[in-house]
Every structure is written in C-alpha cells, then in structure tokens.
Amino acid sequence: MGLFDQIKFLPREVKIFVATEAFLGIGMGILGFVLNFHFLALNISPEEIGALNSIGTFVMGLFSLPAGFMARHFGRKKVFITGIVLIGLGYLMFGIGTTLYAFYPAQIIQFIGVSLLVSTEIQLLFSYAGTSEAETLSYSLLFAVFTLFSGIGTLMGGFIPQFLKYGTTKYQWSIYISALSIFLVAILRGLFLPCLNNNFDSGEKIERKSLVESFKEHLNSKIIILTLYLFLMGMVFSVVIPFQNVIIKFTTGWHDEAVSYVLTANGIILFFASIIMPWLINELGVIRSYYYVYAINIGLAFILYFKMLPIAFVLIFLLRSGSFTLFLNMVDSQTMSAVEEDKRDFFGGARTFLRSIGGAIGSFIAGYVIQRGKSTLPFLITSLVLLSSFVYFEFLVKPIFIKELEKKEEGV
C-alpha cells in the first residue's frame, strides 16, 4: 500500500490531530524566530537568554512527572488542551513584558504548558491511531506538518515586523499573532478531538496512592534506560535548536529577513525528513537506520564547527538539520513504541523530566559559549554528546529495540 493510501485509511481523529498541528507550527514558528531578537532588542544578552531557556526547561522537567499522572487520572485530552492554553498565555505575556524579570513568569507558564503537551501528545495520538503501523505513520505526519508550517511561521516572523513594527520592539506584534495561533489550536482540538471511552483517555478512576508508590509501580529497567537515553537527546537538542537563529545571524552576518529565509527552507527540509522516516525504517530496519543517522549527524555537526563561507555553512546547516530531525523522530517514536500502553503516561512524564534536565544543561552551555563569540562551538559540543549517546545506544538501548522487534515478529 502506498503512502497516500495509508494516509487515506488513518482514523478521522488522527487526521484532525495532524491538520490542526498546522496552526501550532505557525505559532511556534513565528515565536521561535522573533523571540530571541525581541530579547536582544530589549538589551537582554545571549547569556541571559541561555539562563532563561535553562529555567524554562528545568520547569518543564519539574512538571513532567506530575503531568504523566494527571494524564492518567484526568484524561490525556484534558491535560493536553490545558497545556496548549498555557503555552498561548505564556506567549501573550512575552509580548506584554519589557524586562528580563517580566519574562521569567512568561517562560515558566509557557514551559508548564509545554510539559503538559509533550507529556501527553504522542500517547494521545497513538491511542487514536490504534495499530503500531499507524502509530509510526501518524507521528511522522504530525511532525512533518509541524515542521512545514513552523517554516511558514518562521517566514512570517521575518516579514511581520516590517509591516507591524510598532510596540516596545518591532517584534511585539509578531509575538501577539503567534499567541493567537496557539489559542486557535486549543479551541479546534478542544471542540473536534474526542475523549476516547477507555481507561486512559476518559480519566481512569485509579486507587489513591502516594506519588512514591505510583512511581515504584511503573518504574522498571527498560524505562530507566530509555529515559536516560532521552536525557542525552535533550542535551543534543538544546545546544543548537533554541539558538539556531542567533547562531546563523552571528556566523553569517546576514540580516533578519535573510535568516528567516534560511529557517523557512529549514522547515521545508524538516517536512521531507519527517515524511521519509517510516520509509527509511521499512527499507533498512530500525537498527541499521540508527547507525546511518548517527554517522551522518555526528559528521555534519563536527564539520559545522569549522570556519567556512556563509553559503557553505548554511547549506551544511540545512543538511544537518534535516538529518537531525529524522534522528529525533526515530528516537521519539521508537522509544514510545517500546513501552507498554499502561506505562506510556508515566514514561511520557519521565522522559520529559530527564530530557528537560538535559535541555537545561545544553541551553546554559550554549548561551555561555555564544555570549563569548563562539557561535559554532555548540556544533562541536553536539557531535561529542551524540558520540556519547551512540555508545549508550549500542550497549543499552539497542537490546531493548531488538527484543521489541522480536516480539512483533512473533505476533506477541
């Protein structure tokens, strides 16, 4: 069955979920492009931005474990929609604020929302999908739509300040538009996505237990290994991604509009990288696919550390970004698929917790080195952390994936 035929037969709920992801991508794309520039225009330094990002990812981790238990008790959809609303509220506060200390509450509220969203999103999507094959395809489509429209949002972020340049900075109205897009997502998903009639999504009436008892009940060696793996992924992600617009601008010396073109092209590349992920796994298998993407990502990140012409830097940056997105999609979908359904809410919270700690460390390091004029050093750091994660994958994660693949082959 071809890709379009597979998409055609996906459940209606998955199609709604994927379609509304477009507005989430636009909102996050606009904010992701303009927010750092908004901060810089308000005389907030890259090091202070790094500290702000670290606080955000720390808060995200702090709320991730409670988010997993809330999803199990109140229902995934309720927690999911609440998270989207809080993200929109945080964005709105970024537009209103004018000082660093005013941005901390906005960052905290936004990342509480992000924690609720990422701790429930994949589980909710997978519960709509129904089968393991549909799970992989649904996740790929979701991320593909997000990255494509995030690229469109990035392009909008480059142009909106030229037409709506009034406010505390010329980026303020862009931030308001991004908040509006996020609130629209919450409304559409709240109205059209159902709460499924099962224990997980209608809010399971579970026995009252202490947090420690619930923690012990769900924790096992597999979840420990996978969440520590995602801790390393959080570091890899946050060393570059939150600062990519600043890194491009500082490294190339290009103006805002040119940077927005680069990041728009980046969004299109991420779209195609997301689409090919199921095909790659089907053609090469899970383990061989990991070997290929590890080799490519480590090599490209290492190359980007060295001084080169701006156009060469941008081309390699885009290639690296696409391969890295493919890699992250594989990690997220395969680790979640390896966990039993009744433990996915707990795992969703635990993985966000560990990944957020890694992300806080990565953001702090990146802000520190960029502040000192070393705009390409984050790529060297990325290559070294990726190499460490590959060793971890080879000895600890790969056996888990192989065992799960054997189960599927046996029809268990």
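Okay, one term before we start: a polar contact here is a pair of N or O atoms within 3.5 Å, and within protein one of them must be able to donate a hydrogen and the other to accept it. Keep in mind, too, that this is a predicted model.

So, Thr376. You'll find Thr376 in the loop between α15 (344-371) and α16 (377-410). Buried or exposed? Thr376 counts as buried, because its relative accessibility is 17% and the cut-off for buried is under 20%. And what does its side chain reach? That would be the backbone oxygen of Tyr305, at 2.9 Å. If you skip the neighbours within four places in sequence, Thr376 is in contact with Thr251, Leu304, Tyr305 and Phe313.

Leu304 takes us to helix α13, since α13 covers residues 286-304.

Now, who packs against α13? Look at helix α12, residues 256-284. The two helices pack at an angle of about 115°, their axes 7 Å apart, and the crossing is right-handed. From α12 you've got Leu280, Ile281 and Leu284, and they meet Val286, Arg288, Ser289, Tyr292 and Val293 of α13. Sort the residues of that contact by type and you get six nonpolar, one polar and one charged.

Conventions. Residues are numbered from 1 along each chain as its sequence is written. This is a predicted model: local features need pLDDT of at least 70, side-chain atom pairs count only at pLDDT 80 or more; totals for chains, interfaces and linings use all residues. Side-chain values use heavy atoms; hydrogens and water are left out. Helices (H or I, at least four residues) and strands (E, at least two) are DSSP runs, numbered from the N terminus. The expected span of a helix is 1.5 Å times one less than its number of residues. Axes are lines fitted to C-alpha atoms, for helices over the stretch in contact, and angles run from 0 to 180 degrees between N-to-C directions. A crossing is left-handed if the near helix is turned anticlockwise from the far one by less than a right angle, and right-handed if clockwise. Contact means heavy atoms within 4.5 Å. Ala, Val, Leu, Ile, Met, Phe, Trp, Tyr, Cys and Pro count as nonpolar, Asp, Glu, Lys and Arg as charged, and the others, Gly among them, as polar. Buried means under 20% relative accessible area, exposed over 50%, partly exposed in between (1.4 Å probe, protein chains only).
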